[in-house]
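Open the model in your viewer and keep the selection tool at hand. The stops below go from one selection to the next.

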Amino acid sequence: MKSAVDAMGGDYAPGVVVEGLTIALADFPDYDFVLVGHQAKLAFYLEKYGIADHPRVQVVHAETVCEMSEPSAISLRAKRNSSITVCAKLLKEKQVDAMVTPGHTGATVAATKVLVRTLPGIDRPALAASLPAQEGRFILMDAGANPDCTPVNLAQFAIMGEIYAQYLFKLDRPRVGLLSVGGEDIKGCELTKESFKLMDQLPINFVGNVEADVVFEGASDVLISDGFAGNVMLKGIEGLAKSTMFWLKRVLTKNALRLVGAMLAKNAFRELKAFGDADDVGGAPLLGINGICIIGHGSSSPKAVRNAIRVAGECVTFGLNDRIIAKINETHSTTAELEKKLAAEKQ
């Protein structure tokens with residue numbers, strides 16, 4: 001199994017990425033890597049971590065970097081030799097089985113969608129984020145790849161999400177829910193109401209609408225949304241988690257007695273923090289691309305890079321894309337007929 005790793009992506013590149021790759025080399029002896037980045041900038045870190053001449057690491061030069069502050073289309077227009085674009089080209093040409101980047105999500109979506117293309121029967125890819133619930137985890141998709149979606153897009157996300165949950169949670173029939181403002185099928189916006197009709201007819205374990213206040217109670221294993229609402233929800237969760245830690249610190253350090261209690265409960269707080277540790281997850285797959293693409297958080301640590309590489313390898317071994325294609329083929333006629341019916345009802 002060979003993966004292209006974007007060495008220049010993320011807030012702490014390339015040092016953190018090279019360190020994470022070094023850990024992966026030791027942990028996954030069957031994996032080979034193509035490290036993509038500016039060779040002169042990589043040289044120091046390759047020497048530092050002792051992998052400059054490693055037989056399982058090939059270095060491919062990429063002249064530029066897609067900065068986080070730049071627009072998504074930058075990888076295709078002004079920076080065609082960026083590390084993200086070079087990784088996407090390697091994936092397109094089947095020189096690697098997967099690509100891993102902690103870099104610019106929008107640029108990665110743009111580059112892979114145009115260069116690598118989507119799987120047969122998939123109109124748009126979707127970002128599948130794994131989030132903690134009271135018991136276990138759930139998948140949120142789309143977590144930000146597509147701000148504007150159609151009901152058919154959401155139906156395809158549901159199919160892909162089901163397959164990914166089968167791998168991630170080892171479930172035969174994961175529960176698929178639709179993010180909305182009410183549990184009843186008549187509630188929601190036009191998109192969610194039309195999507196409900198489509199998803200209700202698919203051969204998946206569809207549990208209906210799920211409101212945001214119960215998603216962390218484990219209301220579904222997969223939560224479907226358009227990328228706009230999904231990303232707003234994801235960023236809200238991240239912000240609330242940071243603020244909660246701030247509030248806890250403030251109230252627990254108000255006096256000496258509380259401070260002693262906080263010190264005694266230090267291990268409990270460490271365990272609580274681990275529930276939402278993104279480093280353990282590693283990264284989110286961009287489902288629907290004609291190749292495995294894992295996108296990590298911009299602030300990825302070496303541990304997160306290592307785990308993103310692990311996820312990429314497991315998705316290849318699981319045959320994730322082949323399973324998605326098979327399910328899409330199984331449901332294509334049903335989806336097409338329902339789409340025509342919904343269009344006729346509107347007229």
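Select helix α11, residues 302–318: this helix lies across β1 (2–6), β2 (32–37), β4 (98–101) and β12, and runs at about 155° to β12. Contact means heavy atoms within 4.5 Å. Axes are lines fitted to C-alpha atoms, for helices over the stretch in contact, with angles from 0 to 180 degrees between N-to-C directions. Helices (H or I, at least four residues) and strands (E, at least two) are DSSP runs, numbered from the N terminus.

The model is predicted: local features need pLDDT of at least 70, side-chain atom pairs count only at pLDDT 80 or more, and totals for chains, interfaces and linings use all residues. Residues are numbered from 1 along each chain as its sequence is written, and side-chain values use heavy atoms, leaving out hydrogens and water.

Next, show the open sheet of 7 strands, in the order β3-β2-β1-β4-β12-β11-β5 with mixed pairing. β3 (57–61) and β5 (126–127) stand at the edges with a single partner strand each, so one side of each has no neighbour in the sheet. Two strands pair if DSSP finds at least two bridges between them.

Within this sheet, select β11 (residues 284–287) and β12 (residues 292–295), which pair in the antiparallel sense over 2 bridges. Pro285 stands opposite Ile294 in β12.

Move to β7, residues 137–141, where 4 of 5 residues are buried (under 20% relative accessible area, 1.4 Å probe, protein chains only). β6 (residues 129–132) pairs with β7 in the antiparallel sense over 4 bridges; Ala129 has Leu140 as its bridge partner. The two strands form a hairpin with 4 residues between them, and Gly136 in the turn has a positive phi of about 90°.

Methods
Buried < 20%, exposed > 50% of the residue type's maximum accessible area, 1.4 Å probe, protein only.
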